[in-house]
Amino acid sequence: MEKVSIGPATLYRGDCLEVMEGLAKGAASMIWTDPPYGNRNNDGDLNASLAAKAGRQAAAIANDDAASMRRVIEGMLAHAVRILPEEASAICLCTAGGGGPNGPLFAWVADRMHSDGLAFFHCVIWDKVNPGLGWRYRRQHEMVMVAHKKGGRLLWRDPKRAIGNVISLSAPKTRVHPNEKPLSLVRTFLDLHALAGSVILDPFMGSGTTGVAALQLGLGFIGIELDAGHFDVACSRIEEAMSQCDMFRANEKTRPSQTGFDFPPQ
């Protein structure tokens, strides 16, 4: 296991179940994560192309077969129940509404997030604007499953704020990870849920998008990634985000005042 600290971010290279086992209760108040979907869709050309651009050897997405995906998601959620405080949010992306070899995975994730100490709260649709390749019903969305601890309260920053449950944002045009999500999508959810001083935990960190969003919003971050290549990319992206935040703070006193704008941006 490798541990790297970058400002308020702590990054671990290792198995998320092993790392989470060592995290204390209250170490994070919110989980935002994008686990493997269990379909091995990204073992091929896209993964190889991105690895070649980065000058590294391509590796299959870890735990992306059906059985391993279920094992790591179930284990991650079990640890989440212990780690999260009574007011918390657990948010997990999952595949679109199709069937296939894995069955209705979205239904399995929702059911799993409503058992063993968690309470399912809502399903938000990420509309990717442009449909993917395929035939019949072409996939244009993914689902974002939201839960909290059973008997606890959902972490929600502004009790007067409301938002529709369909969020339309295009997928990133350029990626460093085959499953990379838009930074603006992650920021939207962190901004809705996280309080000032909250720590965000991402057990499947990938290329570090969640960490970048957390630092931009002035939040703490714990990220875990198994793949060494993606871990290195995440460290570089989060270091860059941290340096930009430091530069912004250094220039605050000489910057003209802007009504309604504070750092970190909310």
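Let me start inside the structure, where the largest cavity holds about 460 Å³ of space, a cavity being a set of points on a 1 Å grid over the protein atoms alone where a 1.4 Å probe fits but cannot get out, and its volume being the space filled by probe spheres set on the points, which are joined across faces, edges and corners. Please keep in mind that this is a predicted model, in which local features need pLDDT of at least 70 and side-chain atom pairs count only at pLDDT 80 or more, while totals for chains, interfaces and linings use all residues. Residues are numbered from 1 along each chain as its sequence is written, and side-chain values use heavy atoms, with hydrogens and water left out.

The largest cavity is lined by 34 residues, and Asp34, Phe204, Met205, Gly206 and Glu225 are the ones nearest its centre, where lining means having an atom within 4 Å of a point. Strand 3 (30-33), helix 6 (209-216) and strand 10 each give at least two residues to that lining; helices (H or I, at least four residues) and strands (E, at least two) are DSSP runs, numbered from the N terminus.

Strand 10, residues 220-225, also pairs with strand 2 in the parallel sense over five bridges, pairing being counted when DSSP finds at least two bridges between two strands, and here Gly223 is the bridge partner of Leu11. On strand 1, residues 2-6, strand 2 has an antiparallel partner, joined to it by five bridges, with Ser5 opposite Thr10. These two strands form a hairpin with two residues between them, and Gly7 in the turn has a positive phi of about 55°.

How values were computed:
1 Å grid on protein atoms, 1.4 Å probe; cavity = no way out; pocket = protein on both sides within 12 Å on 5 of 7 lines; lining within 4 Å.
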